[in-house]
Amino acid sequence: MLSSYLYSLVPGLSIIKIYPGRDHTILPIFAGNKRWSIRKSNKRVGLSKLIYLMKKHLLVGKAMLISVLCMFSILGLSAQTEVLYGVKGGFNASSVSGLSGLIDASNRSGNSSLDMSVKYRPGFHMGLVSQINITDKFFVQPELLYSLQGFKLSGSGNILYEYVSGSETTIMHYLQLPVYAGTKIAAGQGLDIILGVGPYIAYGLSGEEGTFGDSGMFRRFDFGLTAMGGVQFNKFQITLGYDLGLVDLINTPGWSAAKNEAGISSMCNRNLKASVAYFF
């Protein structure tokens, strides 16, 4: 990924510090009028490692699902509590904060001269949703979602005296568990205006080579705050929401010190989403 290559050019960091003991080469990539210079790992992942990762992801998914079911059971103990179950899906527009600062730091170091912009990447989310109506006005809404997120870089310039131009999209597949505490405002004729806020946790299932894993640039676990607002009419719910990641995604020794030295902010997930839910 170009983003991980830019990361290695920040003062105080090097390829050795990023991936100790691993051999990397810098390769030009040509695709039409797109030419990127990226770092590629020569390490191969064996079958046993792949099986281990699959089992680990499955356990994480089971743990998150069990957490949701336990929450349903606890909140549903009251005889006056109405519990709705349904499905939810929609569109994402995601990015990562701090990436512009990473490009600026690389330019200041003299290792690059880039004119690049960070753009939101389109994606989607889908999964299960429940709404526990504590009263007529207050509810708790946990969800278990698959979420396709990432970010996009586009522009041109020089990296270590080599010209690059085009665009690059980084894709991250997450399993996400948001929990909203919300309120309903009656608008008449079965229509409610809803507002909700709460925390979310997420786990990175997969991405391109160099995204997650032992040789990856990003942490798998993410945590942050989420908010939504919209309307609910009978069994349908339409909302706009936003996820504000609080975890620095960079997963490399030496990053914190180099980040402070170069004046770079943390790289955290950002995600704007539009959703439709249907309750059975």
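Asn234 sits in the loop that links strand 9 and strand 10; helices (H or I, at least four residues) and strands (E, at least two) are DSSP runs numbered from the N terminus. The model is predicted: local features need pLDDT of at least 70 and side-chain atom pairs count only at pLDDT 80 or more, while totals for chains, interfaces and linings use all residues. Residues are numbered from 1 along each chain as its sequence is written, and side-chain values use heavy atoms, with hydrogens and water left out.

**Loop residues with positive phi**

- Asn234 has a phi near 55°, a positive value in a residue other than glycine.
- Most residues other than glycine have a negative phi.
- Asn234 is exposed because its relative accessible area is 53%; exposed means over 50%, buried under 20% and partly exposed in between (1.4 Å probe, protein chains only).
- Gln189, in the loop between strand 7 and strand 8, also has a positive phi, near 55°.
- Gln189 has 76% relative accessibility, so it counts as exposed.

**Nonpolar core**

- The largest nonpolar core has 24 residues; such a core is a set of buried Ala, Val, Leu, Ile, Met, Phe, Trp, Tyr and Cys residues joined through side-chain atoms within 4.5 Å.
- Phe151, Met172, Phe218 and Met267 have the most contacts inside this core.
- At least two core residues come from each of helix 4 (99–108), strand 4 (112–119), strand 6 (138–159), strand 7 (162–188), strand 8 (191–207) and helix 5 (255–262).
- Helix 4 gives the most to the core, with four residues.

**Nonpolar surface patch**

- Tyr120, Ile201, Phe223, Leu225, Tyr242, Leu244, Leu246 and Leu272 make a nonpolar surface patch of about 700 Å².
- Strand 9 (221–233) and strand 10 (236–245) are the elements that give two or more residues to the patch.
- Patch residues have over 30% relative accessible area and no salt bridge; like charges are joined within 9 Å, and nonpolar side chains (Val, Leu, Ile, Met, Phe, Trp, Tyr) within 5 Å.
- A salt bridge is a side-chain nitrogen of Lys or Arg within 4 Å of a carboxyl oxygen of Asp or Glu.
- Accessible areas come from the Shrake-Rupley method with a 1.4 Å probe, and for residues only the protein chains shown count as cover.
- Leu244 belongs to strand 10 and counts as partly exposed because its relative accessibility is 30%.

**A buried serine**

- Ser130 is in strand 5 (residues 121–133).
- With a relative accessible area of 0%, Ser130 is buried.
- The Ser130 side chain reaches the backbone oxygen of Leu84 at 2.9 Å.

Definitions and conventions. Polar contact = N/O pair within 3.5 Å; in protein donor to acceptor, adjacent residues only side chain to side chain.
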